[in-house]
Amino acid sequence: SPTVPAQQVLFDAFLRALRPRATLVGWAWSENDMCAALARTGSRALDGAPNLSLWRGVPTGNNSARLPGSRRVHTLDRNKVYVTFQTGAGDTATNAIGLQNQMWTQPARGSVPMAWGCDPLVGHLFPGIFEYYAATATVNDTFFAETAGAGYGWPFHFPDPPRVAGQDPAPETLEGFYQEVGELMEMHGPA
């Protein structure tokens, strides 16, 4: 508990002992306390789901399956009201493995345009899930990157030590995080 100083000190020491930008699978504490603790070391969480080791081992035919997305720019009429249908909680492995809370399996899916939240880190760690979505998507299904872009956390609170000229940014920094998010989006994000 973050309200117990000795436990917070122990958890912070544990996080500092991990590699930079570690991904913790699972959850502890409240959302605010957990994200604040993770941000102090540039780490993030990936909300757990049953059988992640099984999903990690699912063989795929295409390890770089790209989800359908839309990059079209639309000119909007300011005199009209527009409605977007989208899902949330795409930053969790639980939601991806659970087929978007079973909404993906509904017969009416695809009858209207829907934007589905996804986490490219889930696609990287468990590519079979994204391959399934890519293979079964309709023309009305598009995907967008959720929350922070890779895992769940508060990247704007990551440490920001000075960068050495000519070197890649440290992985635990915001700049290093954005570099990884860009790479993951290129590999697994919406096409």
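**Rings, cores and loops**

Author: A search of the whole structure finds six aromatic pairs. Do keep in mind that this is a predicted model, where local features need pLDDT of at least 70, side-chain atom pairs count only at pLDDT 80 or more, and totals for chains, interfaces and linings use all residues. Residues are numbered from 1 along each chain as its sequence is written, and side-chain values use heavy atoms, with hydrogens and water left out.

Reader: Why is the pair of Trp104 and Tyr133 called edge-to-face?

Author: Rings of Phe, Tyr and Trp (its six-membered ring) pair if their centres lie within 6.5 Å; planes under 30 degrees apart count as stacked, over 60 as edge-to-face and the rest as tilted. Trp104 and Tyr133 have centres 4.8 Å apart and planes at 85°, so they meet the rule for a pair and the one for edge-to-face.

Reader: What makes this pair a link between distant parts of the chain?

Author: Trp104 sits in the loop between α4 and β3, while Tyr133 belongs to helix α6, 29 residues apart. Helices here are DSSP runs of H or I with at least four residues, strands are runs of E with at least two, and both are numbered from the N terminus. Ring pairs also join Trp104 and Tyr133 with Trp116, Tyr132 and Phe143 in a cluster.

Reader: How do you know that Arg109 lies over the face of Trp104?

Author: The rule asks for NZ of Lys or CZ of Arg within 6 Å of the ring centre and within 35 degrees of the ring normal. Arg109 is listed as lying over the face of Trp104, at 3.8 Å from the ring centre.

Reader: Why are Cys35 and Cys118 called buried?

Author: Buried means under 20% relative accessible area, exposed over 50%, and partly exposed in between, with a 1.4 Å probe and protein chains only. Cys35 has 0% relative accessibility, so it counts as buried. Cys118, at 4%, therefore counts as buried too. Trp104 and Tyr133 are also buried, and of the 191 residues of the protein, 37% count as buried.

Reader: What makes a set of residues a nonpolar core?

Author: The members are buried Ala, Val, Leu, Ile, Met, Phe, Trp, Tyr and Cys residues joined through side-chain atoms within 4.5 Å. The largest such core has 16 residues, and Val122, Phe126, Ile129, Tyr133 and Phe143 have the most contacts inside it. At least two residues of this core come from each of α4 (93-97), β3 (114-118) and α6 (127-136). Apart from it lies another core, of eight residues, among them Phe11, Leu15, Leu38 and Ala45.

Reader: Which residues does Ile129 contact, leaving aside its neighbours within four places in sequence?

Author: Ile129 is in contact with Trp55, Ala96, Ile97 and Val122, where contact means heavy atoms within 4.5 Å.

Reader: Which residues of helix α2 are buried, and what do they pack against?

Author: In α2 (residues 31-40), the buried residues are Met34, Cys35, Ala37, Leu38 and Ala39. They pack against α1 (5-17), β1 (23-25) and β2 (44-46). After α2 comes Gly42, with a positive phi near 70°.

Reader: And why is Ser43 called buried?

Author: Its relative accessible area is 0%, so Ser43 is buried. Ser43 lies in the loop between α2 and β2 and, not counting residues up to four places away in sequence, touches Arg21, Ala22, Leu38 and Phe158.

Reader: What makes their phi values worth a remark?

Author: Most residues other than glycine have a negative phi. Asn101, though not a glycine, has a positive phi of about 55°, and Gln102, also a residue other than glycine, has a positive phi near 70°.
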